[in-house]
Amino acid sequence: MAKRIHQPREDAEFDFILGMSGVPVLVYFTGTWPKAIEPCRAMDLVVGGIADEYTGRLTAVRADITRCPAATERYGITEAPSYVLLKEGEAVAHGTGSMTIDGVRQFLDGHL
């Protein structure tokens, strides 16, 4: 996974990362239950590529649903993988399921 992806260990760290970002934030929520593991692992590679490609324009955050339950609830996350794009702290786009790198680009480019 790209080093540019932040991985908070708890909600307080999640909120700290969001507060420190001066650019839009792509949060992708992951899960560790059996049906979520493979799609989430695949998205690690996709989001890693996006984080590298959008360096300086985007902060990428990988939030584990069980480690960041308040964030999960705040953004209405009910499945993994799920995505939220935040601009100035406000959610401007939501998505779910596996995506290709082109799909993530389309998800982002309409809002960046």
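The following questions and answers cover the sheet and helix packing of this predicted model.

Residues are numbered from 1 along each chain as its sequence is written. Local features need pLDDT of at least 70, side-chain atom pairs count only at pLDDT 80 or more, totals for chains, interfaces and linings use all residues, and side-chain values use heavy atoms, without hydrogens and water.

User: What makes β2 and β4 a pair?
Analyst: Pairing takes at least two bridges found by DSSP. β2 (residues 25–30) and β4 (residues 82–87) are joined by 5 bridges and run antiparallel. Phenylalanine 29 stands opposite serine 82 in β4. Strands here are DSSP runs of E with at least two residues, helices are runs of H or I with at least four, and both are numbered from the N terminus.

User: Why are β1 and β5 at the edges?
Analyst: The open, mixed sheet has 5 strands in the order β1-β3-β2-β4-β5. β1 (5–6) and β5 (90–96) each have a single partner strand, so one side of each lacks a neighbour in the sheet.

User: Why are α2 and α4 called oblique?
Analyst: Their axes cross at roughly 50 degrees and come within 9 Å. Axes are lines fitted to C-alpha atoms, for helices over the stretch in contact, with angles from 0 to 180 degrees between N-to-C directions. Under 35 degrees is roughly parallel, over 145 roughly antiparallel, 65 to 115 roughly perpendicular, and the rest oblique. α2 and α4 are therefore oblique.

User: Which residues of α2 meet α4?
Analyst: Contact means heavy atoms within 4.5 Å. Met43, Val46, Gly49, Ile50 and Glu53 in α2 meet Ile101, Val104, Arg105 and Leu108 in α4.
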